[in-house]
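Subject: Structure handover

Hello,

Here is the structure I said I would pass on. Please look through it first, then read the notes below it.

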Amino acid sequence: MNKPVPPAELMTDEDGPLYAPRKKVYPQSVSGRFRSIKWRLMAVCLGVYYLLPFVRWHRGLGAPDQAVLIDFPNRRFYFFFIELWPQEIYYFTGLLVLAAFALFLMNALGGRIWCGYLCPQTVWTDLFYAVERLVEGDRRAQMKADAGPMTVNRAGRRALKHAIWLMIAWWTGGAWVLYFADAPTLVRDLATFQAPAIAYVWIAMLTASTYLLAGYVREQVCVYMCPWPRIQAALTDEWALNVTYKYDRGEPRCSVKKAFDIRSLGEKAGDCIDCNQCVAVCPTGIDIRDGAQLGCIQCGLCIDACDAVMTKVSRKAGLIGYDNDINVQRRVAGKQEIFKPVRARTVVYASLITVVCAVMLYALMSRTLLDVNVLHDRNPIAVRLSDGAIRNGYTLRFLNKRGFDRVIAIDVDGPAEAKLHVIGSDSVTPDRPMIVLARDTTTELRVLVTTPFDEKAEKSVPVTFRVTDIGLGEVASATDHFVLP
């Protein structure tokens, strides 16, 4: 019997470990065009997330006035002037499809734009990095402090940093629960410890996850936990622009002085001075000069760092930039660069986004705010009365999506000489029952449809219930069958 081979003996030198131990990354602060874009996007994203629950939107008497609200007790979703019911879950499906196509289009145009600028992990990690630099200093100060012994000053700074992180994480969790209840009321209840226990539970969970993911795990989420880098690699093509080190211009690397000596001899020297600033500012700690890598989130900070160095050494900026391998090869061959933002892939994605938006907009604008559903009685299906007439029973469910009560009339079409009776409702027009539907709610009624017996009548005929709003003229209908015993 063969002895089992330990997994370590099966691993070759080429395989490497399945998981690399984390090496702490100390990203250096940098300024430039892409850093400014990231600051602005962070301000917008965080501002919307934290402040949107406090925006008010008047919907009429008795309706919630929070602009964006997920009202689980009343099963409603409010988004400014839009009110969605559980029956309209397909709108959320449409939003997910739209988000997927938008993500695909961003990937086709500029690689991992989402990862570098808009992903919540990136936004909150950037914020935590900013706090860390503010309290403990920039890259060199942090590395020097970590290499030395713990001091009172260092312990105090670290405690302050973690206190600010926890405050940000706590407010992140608190802002999330504000989308599920009236924000000012819930804030007051939370402060006075009168809020529901579930609110405190969710705040605690989201506080812990934000603190751990943005404060500790950081780039590990992008490299090991997030599936999008793997999916993105399968969706990209050769024309997509990615953060690229232009090795046709940068190689061979050498110092400024050595490059001057080499060029004075008429030989080629690259523009890269091997300063490693692109590595120092990278939030995932990779070297972009090694080519396309899973850890690159395409944030563009290495572009800002390299441009600053090129400016200092009086060389042309753009040694690192949004580019693709096709243009690198064309420059090597002495050809003109070509960029194709408009191509079959991007046109298809843009067209699909347009179609989904158009369908959702049409469905939203043309949707009825009055609806009716019908359910036939199961037992008995039909009843023969003493005078020979046939009676079927139905349950009608009315849906009034408007913010006010309305009077509706109910008509029945189908069986010959059919008469409609609403159980438990005394209408002033018995031949055409009229009832009041309460605002913003569903109403369920039992109705009876009776028709004289006819030997020539079919065993089953369609029956349609038409509901008409007397004031607005809105019409809704539902169809079932009228059957004989």
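In helix 3, the buried residues are Tyr91, Gly94, Leu98, Phe101, Leu103, Leu105, Asn107, Ala108 and Gly110. Buried means under 20% relative accessible area, exposed means over 50%, and partly exposed lies in between, with a 1.4 Å probe and protein chains only. This is a predicted model, in which local features need pLDDT of at least 70, side-chain atom pairs count only at pLDDT 80 or more, and totals for chains, interfaces and linings use all residues. Residues are numbered from 1 along each chain as its sequence is written, and side-chain values use heavy atoms, with hydrogens and water left out.

The cover over the buried residues of helix 3 includes strand 3 (82–84), helix 4 (113–118), helix 11 (228–235), strand 5 (320–323) and helix 17 (344–366). Helices (H or I, at least four residues) and strands (E, at least two) are DSSP runs, numbered from the N terminus.

Helix 3 covers residues 90–110, and its 21 residues reach 30 Å from first C-alpha to last, close to the 30 Å expected. The expected span is 1.5 Å times one less than the number of residues. After helix 3 comes Gly111, with a positive phi near 65°.

Helix 5 passes the length check too: its 17 residues should span 24 Å at 1.5 Å a residue, and its end C-alpha atoms are 24 Å apart. Of these 17 residues, 14 are buried, so helix 5 is largely enclosed by the rest of the structure. Gly137 follows helix 5 and has a positive phi, near 95°.

Ile70 lies in strand 1 and, because its relative accessibility is 24%, counts as partly exposed. Leaving aside neighbours within four places in sequence, Ile70 is in contact (heavy atoms within 4.5 Å) with Arg76, Phe77, Tyr179 and Phe180. Ile70 and Leu178 are 108 residues apart in sequence, yet 9.3 Å apart in space, C-alpha to C-alpha.

Last, the record. The unreviewed UniProt entry annotates residues 89–109, 163–181, 193–214 and 346–365 as "transmembrane region". UniProt positions are given in the numbering used here, feature names are shortened, and annotations may be inferred rather than shown by experiment. In the model, residues 163–181 are 79% helix and 0% strand, with end C-alpha atoms 28 Å apart. Residues 346–365 are 100% helix and 0% strand, and their end C-alpha atoms are 28 Å apart.

Regards
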